[in-house]
Every structure is written in C-alpha cells, then in structure tokens.
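Hi,

Here's the structure I said I'd pass along.

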Amino acid sequence: MAGRRKDMVTQHRSTVVRQRQIINAARKLLIRYGSEHVTVGRIAKEVGISEAAIYRHFRSKKDILSLLVDYVEDNLLRDIATKAGSGGHNTLEVLDSILRSHLSAIEKRRGVSFQVIAEITSLGDKKLNKKVADTIDKYISRLRNILSEGVKAGDVREDIDLEAAATLLFGMIQGLVNIWALRNYDFNPEQKYVPLWNIFREAVIKH
C-alpha cells in the first residue's frame, strides 16, 4: 500500500512537471511565432516529446492556452500581493514597484504575462477571451484596492475615480508592451514607462 501511494505521488509530480514544460513551451512559441502559428506539433517539438505525449496531458491547444492563462494570473496576482504586503512604502511607490517589476519580467522573458494576454486574445476564442477578461478584471481590482488604501493613507486624492485610475494603469502597461512587440522589441520599455508613470502620478497624488 505504501509503495502504491509513493508511486502515485511520483506520477503526480511527474505530470505537474510535464505540464509546466508544455505551458512554458507554448508561452515561448506564442511570442516567437504569434498565436495563430502555435500548434500542438510545434509545442511537442519544443518540449522534445511526441504529440501523443502532449495529448496525455491536454485535450487540445485550447486547453494548453487555458492553463497558461491560469499561470499568468497566478504570477501577476502573487506579485501584486507580495509587493503590496511588503510595507514601509507609500501607495504610489508600491504601484510603481509593481508595474516596473512586470515590465522587467517581460523584458527578460519577452511576454511572460501581458504579451501572452495579447496573443491569446488575438485568437478570438470566446471561452479563452472570457478567461483572459476575468484575469484582467482581477488585476485591475487588485490595483484599485491598492489605490483605495492610498486614499485612506492620504497618498491619493479622494476625488479620484479609483476604477478608472486602475484601468488606466493596466492599459498603460498593456499598451506599452503591445507597442514594444510591434516594434520587434527595439527599445527598453522601462525607459518609456517613466514619463507615463510621472503623468499618472501627478494626476492622482494628494499634494
């Protein structure tokens, strides 16, 4: 009985590792070729396994991309929670740190979050788009909560529309990443981010 339980744990661990490999391969291929050119065959080749092995873990490319959205959401929201809970900084410093970290992650891995969102959305699949929309809603909601805490702390103006301000932050980063990708990654997104952030900061800060 103990041996069987150990085998089941090992098998589960192996399945999780393989799924992560498949998800990471799909992410890389999305950025390299665009969503419409990502196939199960290309994913299998990137991982170094057969297509049949892919189908032992996922029913379709859509299922792979659906789990990829889950990973993107987990990474983004966990990062926000970590930085928001670090303490010792005012609200705007926390927001600035969050956005810079996401741009840094994008620059290192070209699209680990926001560019993947754009590529998956471009497929036009209604269920995937709904899932991406839910992820974006959660992201904006977390930013809105931080801004709300900023109002209470006296860092952010009381007359600011918090939902609009949080949506603007998301749009600022997503738009910047889209332009960066369209320009074939020929500029440093963090440098273009700074003046955008300064405009936002001056608009919401409580003087």
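**How H4 and H6 pack**

Keep in mind that this is a predicted model. Helix H4 (residues 61-84) packs against helix H6 (residues 114-122) at an angle of about 150°, and their axes are 10 Å apart. Angles over 145 degrees count as roughly antiparallel, so that is what H4 is relative to H6. The crossing of H4 past H6 is left-handed.

Which residues meet there? On the H4 side they are Leu-65, Leu-68, Val-69, Val-72 and Leu-76, and from H6 come Phe-114, Val-116, Ile-117 and Ile-120. By class, that contact has 9 nonpolar residues, with no polar and no charged ones.

**The core**

Ile-120 turns up again in the largest nonpolar core, which has 61 residues. Along with Ile-43, Tyr-139 and Trp-197, Ile-120 is among those with the most contacts inside that core. Helix H8 (residues 162-182) supplies the largest share of this core, 10 residues.

I also looked at what Trp-197 touches. Leaving out neighbours within four places in sequence, Trp-197 is in contact with Leu-92, Leu-95, Asp-96, Leu-99, Leu-169 and Met-172.

**The chain as a whole**

The chain has 9 helices and 0 strands. Of its 207 residues, 40% are buried. As for contacts between residues at least 6 apart in sequence, 68% join residues at least 24 apart.

Cheers

Methods
Residues are numbered from 1 along each chain as its sequence is written. This is a predicted model: local features need pLDDT of at least 70, side-chain atom pairs count only at pLDDT 80 or more; totals for chains, interfaces and linings use all residues. Side-chain values use heavy atoms; hydrogens and water are left out. A nonpolar core is a set of buried Ala, Val, Leu, Ile, Met, Phe, Trp, Tyr and Cys residues joined through side-chain atoms within 4.5 Å. Buried means under 20% relative accessible area, exposed over 50%, partly exposed in between (1.4 Å probe, protein chains only). Helices (H or I, at least four residues) and strands (E, at least two) are DSSP runs, numbered from the N terminus. Contact means heavy atoms within 4.5 Å. Axes are lines fitted to C-alpha atoms, for helices over the stretch in contact, and angles run from 0 to 180 degrees between N-to-C directions. Angles under 35 degrees count as roughly parallel, over 145 as roughly antiparallel, 65 to 115 as roughly perpendicular and the rest as oblique. A crossing is left-handed if the near helix is turned anticlockwise from the far one by less than a right angle, and right-handed if clockwise. Ala, Val, Leu, Ile, Met, Phe, Trp, Tyr, Cys and Pro count as nonpolar, Asp, Glu, Lys and Arg as charged, and the others, Gly among them, as polar.
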